[in-house]
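This report walks through one protein model, from its overall fold to the surroundings of single residues. The sequence and the structure come next, and the text after them is meant to be read alongside both.

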Amino acid sequence: MTALPYRPNVGAVLFNPAGLVLVARRADLPNAEGAPGGWQLPQGGMDEGEDPAVAVFRELEEEIGTARATILAEHPRWLTYDLPPELIGKALGGRYRGQRQKWFALRFTGEEAEIRLDLDPHPEFDAWRWARLAELPALAVGFKRAIYEDLAQEFSPFAA
């Protein structure tokens, strides 16, 4: 199974003007208030040949209903995670061993009312809130925790 490739993916650490980060609750884990992995950052797959900086704005538009943001920084490395064995062959369409992600720190430039999770016919998220960047690792599902720790360190200059 480890011969499976990584899925190319982008992620957004979206900061509000106060330096807090948008986290959203996965719709497939309803009411997962305290469960690690219930809350995550916007992220999604890249189309073939798509520029990561273009993809991150497309993903924001698809997942939170707005792409009103400016890029503050791009993580210098691609970050990868492997799915746990019980999810290989099931998650990510069963075609990938995990994801290879390019992360961006962005500043939200819109109004909170523009954040709409209900615009997609199959929304990925059912709730959102602002959180401290340092909270991210504790919110992450176990197999993504190292990435969230890396993001919390790399993008700390933009945090509250």
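## Overall architecture

The protein has 3 helices and 8 strands, and the model described here is a predicted one. Read along the sequence, these elements follow the pattern β-β-β-β-α-β-β-β-β-α-α. The radius of gyration is 15 Å, close to the 15 Å that the globule rule gives for 160 residues, so the protein is as compact as a globular protein of that length. Along its principal axes the C-alpha trace spans about 45 × 35 × 30 Å.

Of the 160 residues, 45% count as buried, and the accessible surface comes to about 7,900 Å², of which carbon and sulfur atoms contribute 53%. Among the contacts with a separation of 6 or more, 73% are accounted for by residues 24 or more positions apart.

## Helix α3 and its packing

In helix α3, which covers residues 145–154, the buried residues are Ile147, Tyr148, Asp150, Leu151 and Ala152. An α-helix has 3.6 residues a turn, so residues three or four places apart point the same way. The buried residues of α3 pack against the strands β1 (6–15), β3 (39–40), β4 (43–45), β6 (79–82) and β7, and also against helix α2 (136–139).

## Two buried polar residues

Gln101 is found in strand β7, residues 98–108, and with a relative accessibility of 1% it counts as buried, because the cut-off for that class is under 20%. The side chain of Gln101 is joined to that of Gln43 by a polar contact of 3.2 Å. When residues up to four places away in sequence are not counted, Gln101 touches Asn9, Gln43, Arg77, Trp78, Leu79, Tyr81 and Ile147; Ile147 is also one of the buried residues of α3.

Glu59, for its part, is found in helix α1, residues 52–64, and counts as buried at 7% relative accessibility. Leaving aside its neighbours within four places in sequence, Glu59 is in contact with Val10, Gln43, Gly44, Gly45 and Ile64.

## Aromatic pairs and charges over rings

The model holds 6 aromatic pairs. In one of them, the rings of Phe108 and Trp130 have their centres 6.2 Å apart and their planes at 45°, so the pair is tilted. Phe108 lies in strand β7 and Trp130 in strand β8 (residues 125–131), so this pair ties together parts that are 22 residues apart in sequence. Both partners are buried, Phe108 at 6% relative accessibility and Trp130 with a relative accessible area of 17%.

Phe155 and Phe158 form another tilted aromatic pair, with 6.4 Å from centre to centre and 50° between the planes. Here Phe155 is buried, with a relative accessible area of 1%, whereas Phe158 counts as partly exposed at 22%.

| Charged residue | Ring | Distance from ring centre |
|---|---|---|
| Arg100 | Trp78 | 4.2 Å |
| Arg129 | Trp39 | 4.9 Å |

## Two loop positions

Ile115 has its place in the loop between β7 and β8. Is Ile115 buried or exposed? Its relative accessible area is 6%, so Ile115 is buried. Leaving aside neighbours within four places in sequence, Ile115 is in contact with Leu22, Ile64, Thr66, Phe108, Trp128 and Trp130, and this list includes both members of the tilted pair Phe108 and Trp130. The C-alpha atoms of Ile115 and Asp82, which are 33 residues apart along the chain, are separated by 30 Å.

Leu92 lies in the loop between β6 and β7 and is partly exposed, with a relative accessible area of 23%. The phi angle of Leu92 is near 55°, a positive value in a residue other than glycine.

Definitions and conventions. Residues numbered from 1 in each chain as written. Predicted model: local features only at pLDDT ≥ 70, side-chain atom pairs only at ≥ 80, totals over all residues. Heavy atoms only, no water. Helix = DSSP H or I, 4+ residues; strand = E, 2+ residues; numbered from the N terminus. Buried < 20%, exposed > 50% of the residue type's maximum accessible area, 1.4 Å probe, protein only. Polar contact = N/O pair within 3.5 Å; in protein donor to acceptor, adjacent residues only side chain to side chain. Contact = heavy atoms within 4.5 Å. Phe/Tyr/Trp six-rings, centres within 6.5 Å; stacked < 30°, edge-to-face > 60°. Lys NZ or Arg CZ within 6 Å of the ring centre and 35° of its normal. Rg over C-alpha atoms; globule rule 2.2 N^0.38 Å. Areas by Shrake-Rupley, 256 points an atom, 1.4 Å probe, with all protein chains shown as cover.
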